[in-house]
Amino acid sequence: EHDYTRMTRLELAFGGFLDGNGSLRSIKRKMLPCSSKNCYVDQKYYDLVKRFTFVRSIKNRIFRESKQHTHGFARVYPRLVGDYFGAMYKHFQELSEILPSGAKCAYVVGDQSSFFGVRIFTARILAKLLTETGLPFKVSRIITLRKRSSTSRGRIRRIPERLLQFERI
């Protein structure tokens with residue numbers, strides 16, 4: 001649940017990429033859906049990964065939890081999680097087409113528990129997308145970089161931020 005365009009607005013403006021609010025909206029629609037503020041109904045990224053039980057199960061768990069809530073974002077969270085992993089899968093597919101064999105990558109990703117306290121082990125799920133879906137990658141390692149404090153359902157949790165290292169085979 002992080003809107004990256006909030007951090008990059010000045011960079012986009014000073015870089016000459018914005019010519020008004022319309023261009024910011026256009027850029028937000030092209031970014032990975034990682035916030036309820038850039039999760040759009042017409043995006044169908046989840047369709048790319050719904051056949052994988054490890055993605056479908058986490059989305060369904062959040063969906064079950066969302067039925068107990070009435071605020072507007074509750075309905076968006078399951079779609080957001082599904083679309084995030086679908087967009088990452090699409091990204092990995094595109095990455096596999098341009099990276100040469102042996103290329104190494106490292107992504108910093110945080111686990112999540114802000115959607116009704118449901119724990120999402122982001123690096124583990126991304127590692128499965130890389131290795132269990134037919135993509136030409138192998139995961140080298142996942143290491144914990146630090147633990148962030150997170151409040152969820154009235155309690156403080158230490159949520160890991162991890163480095164996911166992989167290479168194109």
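A residue is called buried when its relative accessible area is under 20%, exposed when over 50%, and partly exposed in between (1.4 Å probe, protein chains only). This tour applies these words to a predicted model, in which local features need pLDDT of at least 70, side-chain atom pairs count only at pLDDT 80 or more, and totals for chains, interfaces and linings use all residues. Residues are numbered from 1 along each chain as its sequence is written, and side-chain values use heavy atoms, with hydrogens and water left out.

**Stop 1: helix α5**

Select residues 122–131, which form helix α5. Helices (H or I, at least four residues) and strands (E, at least two) are DSSP runs, numbered from the N terminus. How many of the ten residues of α5 are buried? The number is seven, and the helix is mostly covered. Colour Thr-122, Ala-123, Ile-125, Leu-126, Ala-127, Leu-129 and Leu-130 to see the buried residues.

**Stop 2: the largest nonpolar core**

A nonpolar core is a set of buried Ala, Val, Leu, Ile, Met, Phe, Trp, Tyr and Cys residues joined through side-chain atoms within 4.5 Å. The largest one here has 39 residues, and the members that touch the most others are Val-55, Ile-62, Phe-85, Phe-92, Leu-126, Leu-129 and Phe-166. Two or more residues of this core come from each of α3, α4, β1, α5 and β3. Which element gives the largest share of this core? That element is α4, with ten residues.

Now display Val-55 with its neighbours. Contact means heavy atoms within 4.5 Å. Leaving aside residues up to four places away in sequence, Val-55 touches Tyr-46, Val-49, Phe-85, Ile-125 and Leu-129.

**Stop 3: Phe-54**

Move to Phe-54, which lies in helix α3. Phe-54 is buried, because its relative accessible area is 14%. With residues up to four places away in sequence not counted, its contacts are Ile-125, Lys-128, Leu-129, Glu-132 and Thr-133. Draw a line from the C-alpha of Phe-54 to that of Leu-129: the two residues are 75 residues apart in sequence and 9.1 Å apart in space.

**Stop 4: Leu-164**

Next, select Leu-164 in strand β3. Is Leu-164 buried or exposed? Leu-164 is buried, with a relative accessible area of 0%. Not counting residues up to four places away in sequence, Leu-164 touches Cys-105, Ala-106, Tyr-107, Ala-123, Leu-126, Ala-127, Leu-130, Val-139, Arg-141 and Ile-142. Arg-9 lies elsewhere: it is 155 residues from Leu-164 in sequence and 27 Å away in space, C-alpha to C-alpha.

**Stop 5: salt bridges**

Side chains of opposite charge can pair when their charged atoms come close. A salt bridge is a side-chain nitrogen of Lys or Arg within 4 Å of a carboxyl oxygen of Asp or Glu, and this rule gives a count of five.

Begin with Lys-104 and Glu-167, whose closest N and O atoms are 3.3 Å apart. This pair links distant parts of the chain, 63 residues apart: Lys-104 belongs to strand β1 (residues 104–110) and Glu-167 to strand β3 (residues 155–168). Lys-104 is exposed at 64% relative accessibility, whereas Glu-167 is buried at 16%.

Continue to Asp-111 and Arg-119, which form a salt bridge with the closest N and O atoms 3.5 Å apart. Asp-111 is buried, with a relative accessible area of 1%, while Arg-119 is partly exposed, at 21%.

Finally, show Asp-47 and Lys-50, which meet in a salt bridge (3.5 Å, N to O). Asp-47 counts as partly exposed at 42% relative accessibility, and Lys-50 counts as partly exposed at 41%.

**Stop 6: Phe-116**

Select Phe-116 in the loop between β1 and α5. Most residues other than glycine have a negative phi. The phi of Phe-116, however, is positive, near 60°. Phe-116 is also buried, with a relative accessible area of 8%.
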